[in-house]
Amino acid sequence: MDMITIPAVNFTPILPEIFLSVLAMVLLLINVFIPGDRKAYLGYLSFVGIVAAGVLVAAGWGGHIESFSGSVVLDNFATFFKMIFLVSAGLAVLISDQYMEREGCNHGELYPLILFTVVGMMLMASGTDLMTIFLGLEVMSVALYVLAGFNRKNPKSNEAGLKYFLLGCFSTGFLLYGMALTYGATGTTRIAKIAAVVGQMSLPSANIMLVAGMLLMLTGFAFKIAAAPFHMWTPDVYEGAPTPMTAFMSAGPKAAGFAAALRIFLVALPTLQVEWSQVLWVLAVLTMTVGNITALRQDNIKRMLAYSSIAHAGYALVGFTAGNGTGTAGILFYMLSYAFMNIGAFAIIILVGKKGESNGNVQDFAGFGVKHPVLAVAMSIFLFSLAGMPPTAGFIGKFYLFSGAIQQGYIWLAIIGVLNSAASVYYYLRVMVFMYMKDPTEEFDWMQVTAPMALCVAISVIGSLIPGIIPSLILQFAQQAIKLI
Amino acid sequence: MLGAYLPILLLVIVAIGFGLVSLVMSSLIGPKKFSVLKMSPYESGCEPVGTGQERFSIKFYLIAMLFILFDIEAVFLYPWAILYKKLGMFGLIEMGIFIVILFVGYIYVWKKGALEWE
């Protein structure tokens, strides 16, 4: 009897994924076997686990290992993105306990779900096969649907979960159909092989099935990164979901969408760059403009940041449209900085907020600068960074994104981007006007800054400032990361 | 290249056409005789009790969901069992990991009390 030959499998590329999966399962069991209402220790355990996974990921820097017959790869690109996911998950875990305790939904399942989300995102970043990427996307999405509806006693959270689930499934359909058509046109799902087959076509843009597949995949990813006009779900989901999860969702999964899309479009379909960059051009302009203009009118600060997160996806799409070294390195740089500044801002929102998601309007920040000067300075740094002012990380990130576009000759795209960025200053600074120039109407005496909260704010401040002051520190890694694609 | 998909297109057209034609034709030329007994909901031949749109306990859905989860486990065991000797030690370890993952889920469900009816 002949044995089936099992290909040699190297587990090194997915070591962090395995570690986090096992940790998540252990936490799930700890949660049911150890009674008690306080679940903070699960948060501490998962934070330690995330840091350990970060060490594992960092140890793989500089390597290039393919495994599982070339469907998973360990390269600098994957490693950089894995770091972004771990940063956003780690910061989200830090701010979760206090919020969940306050809102009365401190269920221990939160932390395993976050870890499973990270596993899915990591598979998306390291997958070099359309099926692996899809699998990662599903692992990430299914856990995220639950996280969005985690506060099940709150109707808004329920709405968020259901809406995210329905539209997420819908968009997954687009993505999968696109992958199926791409497979039909090229006969393979391996990204490197797709590139080889498409490269041999005499006129790939005349291959209707391939172009349709590419556009459907683009649509699927546009849903996931909340690019206009596929952004309709974002404000409701971001507003309804528990605030720490909103912070997490707008940083980690968005970066994961970019990771997978960058790999597919830059590695598998570079011969169609003229075609897809035209579509991305329109998407980028729409996304920036719709996000910023709608954010101008929001009073609810969570909703405002939801629209601002749409706008930020638009800025990153500018770099994607350029598709050159500067632009793509800019995306990596920007996604990492965005994780810090965005989750930092959400941490302050959680601190200011009261039970039942109340006290979340811009007006509620009146006099915050007088009552809590340190936290107000931190919030100002996050807002400055989001608005893209020097010397913050947001400025440098936008600088590289837009200069990438200019290098490729997309002058108008860069101009629209800068104009948008200028418009966004209004709604970011509006919060600061309330913080510093209005008299306090409240004493903010309900606020309690716990140690994890303080740690999250401190890390976020460092993360939004250091890359802005010493850009080369992060940028050199980003540039090495994109060398392989 | 696209021509290779012509049979599939034909199949889709025939399938949709057959469904449409049989529905339209039976409503056009089929005899229509109504009686009280014929229009009443079918309840296994017994006299109908209550309406057909009752609310079910959510527990049924939970059980159904768990059934599907563990059903899929069993489905995966079949191909493995058929190729057991060819897969050898590797297959055994892989399947062991798969079962352990599902077992963790089973313990979780059990301890959460999802298997208790009351």
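**Close-up views of the A–B interface and of chain B**

**View 1. Polar contacts between chain A and chain B.** Two residue pairs are in polar contact between chain A and chain B, with both residues of each pair at pLDDT 80 or more. Keep in mind as you look around that this is a predicted model. On the side of chain A that touches chain B, α1 (15-33) and α6 (155-186) of chain A each bring at least two residues. The largest share of that side is from α1(A), with six residues. Sorted by class, the side of chain A that touches chain B holds 11 nonpolar, two polar and two charged residues.

**View 2. A salt bridge between A:E109 and B:K112.** Here the side chain of A:E109 meets that of B:K112 at 3.0 Å, N to O. The count of salt bridges between chain A and chain B is one.

**View 3. The contact surface of chain A and chain B.** How many residues of each chain are in contact with the other? Chain A contributes 15 residues, and chain B contributes 15 residues. Together the two chains bury about 1,500 Å², and carbon and sulfur atoms account for 81% of this area. Within chain A, the residues that lose the most area to chain B are A:I4, A:I6 and A:V32, which together make up 29% of what that side buries.

Notes: Residues numbered from 1 in each chain as written. Chains lettered and ligands numbered in written order. Predicted model: local features only at pLDDT ≥ 70, side-chain atom pairs only at ≥ 80, totals over all residues. Heavy atoms only, no water. Contact = heavy atoms within 4.5 Å. Buried area = accessible area lost by both parts, 1.4 Å probe. Salt bridge = Lys/Arg side-chain N within 4 Å of Asp/Glu carboxyl O. Polar contact = N/O pair within 3.5 Å; in protein donor to acceptor, adjacent residues only side chain to side chain. Helix = DSSP H or I, 4+ residues; strand = E, 2+ residues; numbered from the N terminus. Nonpolar A, V, L, I, M, F, W, Y, C, P; charged D, E, K, R; others polar.
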